[in-house]
Amino acid sequence: MKLLNLNITFEQYNGVSELNEQDAVLCENAEKALSSSYSPYSKFRVGTAIRLASGEIILGSNQENLAYPSGLCAERVALFSIGSAYPYAVIESMAITAQTDAFEILKPVTSCGGCLQVMAEFERKQASPIEVIFYCLNGEVLKVPSVQSLLPFSFVEDRLGAKA
Ligand code: THU
C-alpha cells in the first residue's frame with residue numbers, strides 16, 4: 001500500500017479591487033450575468049463570465065425549470081453556449097458569483113460536481129488550463145489555476161471517444 005497526497009495551490013484575495021484589471025473585469029461581468037438568472041424556485045442567482053483567448057467575454061446564468069432536474073447551472077449554460085457558437089474557442093478564465101435575497105452570501109460559491117466535470121472536459125479538449133475565479137460579491141475571491149486542480153479525479157476514458 002502506498003499513501004499518496006495531492007496538493008492544490010490557489011490565490012485568495014480580500015476583494016475584486018485586489019485583482020488585476022482583466023480578472024476584475026471578468027468578475028464585474030459575472031455580476032452582470034446575475035440579472036438574467038431565471039431562478040424562481042431556488043431564488044438563488046448564479047452568474048458566470050468566461051473570457052476567451054480572443055478577449056471576448058461570454059455570460060451565463062442559471063436557468064431553472066418547474067421540472068427541477070431540467071434546469072441548468074450558470075457554468076454549463078455558458079460553457080455549452082461557447083461549445084455551440086464557438087466550437088474552436090480557447091477559454092482562458094471563468095468567473096463565478098452568486099446572489100440571493102434570502103440571506104447574505106459570506107463566502108465565494110464554488111461550482112457543483114456536474115459543472116466541474118464539464119469544465120474539466122473543456123480544459124482537456126483545448127489542452128490548456130482554464131483559470132477559475134470564485135467571487136463573493138463585495139468579499140473574498142478565490143482564484144484557482146486550473147479545473148484539474150479542482151477535480152483531479154474527473155471521469156476520463158479516452159477509448160470511449162476513439163474511432164472503431
Ligand atoms: N447552481 C449553479 O448555477 N451553479 C452551480 O455550480 C451550483 C448551483 C444553481 C442551480 C440552481 O439553479 C441554483 O443554483 C440553486 O442550486
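**Entry 1**

I began with L79, which touches I50, I91, M94, V118, M119 and F122 when residues up to four places away in sequence are not counted. I note at the outset that the model is predicted.

I then looked up the largest nonpolar core, which holds 26 residues. Those that touch the most other members are I50, L79, I91, M94, M119 and V132. I listed the elements that each supply at least two residues of this core: β2 (44–52), α2 (74–85), β4, α3, β5 and β6. The largest share, six residues, comes from α3. Another core of 13 residues lies apart from it, and I found L26, A30, L34 and I133 among its members.

**Entry 1: helix α2**

I checked the length of α2 next. Its twelve residues should span 16 Å at 1.5 Å a residue, and I find the end C-alpha atoms 16 Å apart, which agrees.

Which residues of α2 are buried? I recorded A74, E75, R76, A78, L79 and I82. I recall that residues three or four places apart on an α-helix point the same way, because there are 3.6 residues a turn. The cover over the buried residues of α2 includes β2, β3 (57–61), β4 and α3.

I turned to β5, residues 131–135. Four of its five residues are buried, so the strand is largely enclosed by the rest of the structure.

I traced its pairing with β4 (residues 91–100), which is parallel and runs over five bridges. Within this pairing I located M94 opposite V132 of β5. Both M94 and V132 are among the core residues that touch the most other members. I also followed the chain from β4 through helix α3 (residues 113–126) to β5, and the three make a right-handed β-α-β unit.

In which sense do β5 and β6 run? I find them antiparallel, with four bridges joining β5 to β6 (residues 141–144). F134 has L142 in β6 as its bridge partner. The two strands form a hairpin with five residues between them. In the turn I noted N138, whose phi is positive at about 60 degrees.

**Entry 2: R51**

I looked up R51, which is found in strand β2. Is R51 buried or exposed? I recorded a relative accessible area of 6%, and R51 is therefore buried, the cut-off being under 20%. Leaving aside neighbours within four places in sequence, I listed its contacts as Q22, D23, L26, E56, I57, V90, I91, E92 and S93. Of these, L26 belongs to the 13-residue core, whereas I91 belongs to the 26-residue core.

**Entry 3: the loop between α1 and β2**

I examined S39, which is found in the loop between α1 and β2. At 10% relative accessibility S39 counts as buried. I noted that S39 touches F44, R45, N62 and E64, again not counting residues up to four places away in sequence.

I then searched for aromatic pairs and counted two. Y41 lies in the loop between α1 (21–33) and β2, and Y68 in the loop between β3 and α2, so the pair ties together parts that are 27 residues apart in sequence. I recorded Y41 as partly exposed, with a relative accessible area of 33%. Y68 is exposed, at 58%.

Notes:
Residues are numbered from 1 along each chain as its sequence is written. This is a predicted model: local features need pLDDT of at least 70, side-chain atom pairs count only at pLDDT 80 or more; totals for chains, interfaces and linings use all residues. Side-chain values use heavy atoms; hydrogens and water are left out. Buried means under 20% relative accessible area, exposed over 50%, partly exposed in between (1.4 Å probe, protein chains only). Two strands pair if DSSP finds at least two bridges between them. A crossover is right-handed if, with the strands pointing away from the viewer, the path from the first strand over the helix to the second runs clockwise. A nonpolar core is a set of buried Ala, Val, Leu, Ile, Met, Phe, Trp, Tyr and Cys residues joined through side-chain atoms within 4.5 Å. Contact means heavy atoms within 4.5 Å. The expected span of a helix is 1.5 Å times one less than its number of residues. Rings of Phe, Tyr and Trp (its six-membered ring) pair if their centres lie within 6.5 Å; planes under 30 degrees apart count as stacked, over 60 as edge-to-face and the rest as tilted.
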